[in-house]
Amino acid sequence: MNKKKWAWYAIIFAVIISLVIATIQIYSIEEQNIKTSITENQIEIQEVIAKSIAKNITSEMELIIFELENLAKANELQKDTGTAESSKLIAQTFLRINSISPTAQILALDEEFIVLSQASKNHESFVGAKVKGLSELIDLEKNSLPADPKILSINTLLFDEPEIAITYPIISEETKEQTGTLLVTFASSEFFKRHGNIYDVESQFLTVTDENHVRLIYPNNENFEENQLGYDPEYDNDPILNTHMQLILEGNLSTAIFSLDDDIGERISTGIPVIINDKIEFLFAVVTPTQSINKEIDDIIFVTQVQSIFLLLSTIVVLLALLVKRSQSFKKEKLTVIGQLSSNIAHDIRNPLGTIKNAGVIIQKENKDGNGIISREIDRINLSVRRISHQIEEVLNYVRTTPLILKLYSLNQIIQEAIDTLTVPENITIDTPKKDATIKIDHEKILIVFVNIILNAIQSIGDAKGKINISIDETETHVTIEFENSGPNIPSKDLKRVFDTLYTTKLEGTGLGLSSCKNIIEQHKGEITAHTNPVKFSIKLPK
């Protein structure tokens with residue numbers, strides 16, 4: 001009897017052991033399947049993101065070049081780049097370019113590269129000084145004509161990192177000779193951080209070099225050798241890296257999984273060239289450490305292994321974990337596809353818009369007889385171009401999901417920048433705050449909020465005589481900024497929905513402006529509210 005009993009015990013024990021072994025084997029297979037599936041999904045997402053950001057960068061650069069082209073052809077600079085009228089026009093162009101991307105300065109140089117005019121926020125005056133080495137850098141640009149704009153990487157004492165510089169020649173329309181050069185510069189981190197994470201190597205991050213492999217953006221500078229895309233002469237024998245780099249240099253999108261001798265370990269790198277005016281200017285990559293993906297899967301597997309004893313339950317839990325992970329990936333994919341679509345549309349619209357705007361400038365310039373009909377129609381064209389441009393920016397501001405870059409800023413300064421960015425009609429007066437407050441905020445994102453709210457107020461007032469009053473109130477813990485306008489009251493049914501995505505009462509509205517404002521303020525741990533009678537938008541930010 002005892003023998004039979006022990007035989008049964010042995011059979012049960014063997015079954016349990018078999019189930020445990022089978023469970024472990026299934027877990028190993030499922031774990032590998034999950035990791036493979038997540039990696040494939042991550043590659044798809046990164047390629048969508050990389051294409052989208054590359055198009056955004058191209059679009060911004062082409063828009064900046066367009067502004068420089070108009071400036072170079074202006075009558076004031078054609079006559080003399082050093083006059084008060086030229087300096088005023090350069091300052092106005094600086095504000096427009098700065099609204100496209102944070103700009104360090106614009107310089108107007110003569111034939112000897114001596115600075116005649118300058119527009120800048122914070123830099124000391126270089127008027128009268130010579131920009132050394134610029135002519136040599138311009139001469140090094142391959143496959144470009146002397147009259148073409150040039151995109152360069154330069155090192156100055158202004159920043160601890162390379163600057164991105166764009167030069168545009170000033171060509172006399174009478175003699176067809178070059179009489180000077182326009183130079184606009186950007187800190188590379190300021191330019192690229194608007195497009196994604198450039199600091200944290202524990203998660204997905206961006207890297208950029210110029211076409212000569214000069215490193216512009218990489219978050220872990222201390223542990224990196226030459227080229228953040230993974231290419232270096234010492235890796236000549238690595239076929240993965242060689243193929244990856246060669247594909248990018250040939251103008252293709254490429255994704256590779258590899259490791260370098262640094263703290264990041266294995267990574268998924270999606271590289272793409274940024275092509276501007278048919279020339280590769282930057283080599284850009286979205287990089288994700290595989291450990292940041294696998295850690296989450298390992299946690300899921302570990303928890304399910306501890307909790308699950310029997311084979312069936314174990315399999316179900318793993319499959320549920322996979323489904324949850326996949327559903328999160330699908331959601332992320334959907335958002336990135338929306339981002340790519342928006343970027344593609346913005347890119348495709350911006351170029352013809354620039355052509356229309358440029359044509360308007362030329363027509364107005366040729367309208368020497370002051371024909372009233374021509375002037376009126378050009379004004380209508382410019383108004384329409386500005387309206388479409390604003391709608392494009394609203395869409396892009398909504399789909400961009402970049403981390404906050406918090407620094408101390410004066411709120412009054414940002415309010416004034418927002419006003420300078422907009423065209424304020426003569427029938428509307430704006431009272432700026434009598435007080436000021438300096439708090440830690442993301443400058444570019446808060447500027448977007450202020451521009452949106454002031455523009456909404458201008459549009460609400462319309463052609464009537466009106467007023468916008470902006471005030472700042474400060475307590476020990478919070479700062480409140482209020483924008484009150486004399487426009488018509490907001491109906492109660494609309495007041496509840498003004499911050500809803502895609503909700504708008506304007507025929508030309510996108511329904512994304514105020515929704516973007518709400519997202520940005522909530523990112524800052526603040527709150528934004530709308531009131532009526534009088535119409536007022538209140539923003540409360542923590543100090």
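Guide: What follows goes from the cores to a sheet, then to helices and loops.

This is a predicted model, in which local features need pLDDT of at least 70 and side-chain atom pairs count only at pLDDT 80 or more, while totals for chains, interfaces and linings use all residues. Residues are numbered from 1 along each chain as its sequence is written, and side-chain values use heavy atoms, with hydrogens and water left out.

A nonpolar core here is a set of buried Ala, Val, Leu, Ile, Met, Phe, Trp, Tyr and Cys residues joined through side-chain atoms within 4.5 Å. Buried means under 20% relative accessible area, exposed over 50%, and partly exposed in between, with a 1.4 Å probe and protein chains only. The largest core has 43 residues, and those touching the most other members are M61, I164, I166, L182, F192, F282 and F284. Helix 1 (residues 2–73) supplies the largest share of this core, twelve residues. Helices (H or I, at least four residues) and strands (E, at least two) are DSSP runs, numbered from the N terminus. A second, separate core holds 41 residues, among them A418, L422, A457 and L541. In soluble globular proteins, nonpolar side chains tend to be buried together.

Helix 1 also contains N70, which is buried at a relative accessible area of 12%. Neighbours within four places in sequence aside, N70 is in contact (heavy atoms within 4.5 Å) with N358 and V361.

Five strands form an open, antiparallel sheet in the order 2-1-5-4-3; two strands pair if DSSP finds at least two bridges between them. Strand 2 (115–120) and strand 3 (150–154) are the edge strands, each pairing on one side only. From one strand to the next, the twist averages 20°, with axes taken as lines fitted to C-alpha atoms, for helices over the stretch in contact, and angles running from 0 to 180 degrees between N-to-C directions. Strand 4 (residues 163–171) and strand 5 (residues 178–187) pair over nine bridges, in the antiparallel sense. I166, one of the core residues listed above, stands opposite V184 in strand 5.

The loop between strand 1 (105–109) and strand 2 holds F113. F113 has a positive phi, near 65°, although it is not a glycine, and at 15% relative accessibility it counts as buried. K525, in the loop between helix 13 (513–523) and strand 16, likewise has a phi near 65°, but K525 counts as exposed at 69% relative accessibility.

In helix 6 (residues 239–249), L241, H244, M245 and I248 are buried. Seen down the helix axis, these residues fall within an arc of 90°, so they line one face of helix 6; the arc is that of the directions from the helix axis to the C-beta atoms. They pack against strand 8 (254–259), strand 9 (266–276) and strand 10 (279–289). Just after helix 6, G251 takes a positive phi of about 95°.

Helix 10 (residues 411–421) buries L411, N412, I414, I415, E417, A418 and I419; of these, A418 is a member of the second core.

Finally, a cis peptide bond, with omega about 0°, joins N533 and P534. P534 lies in the loop between strand 16 (527–531) and strand 17 (535–542).
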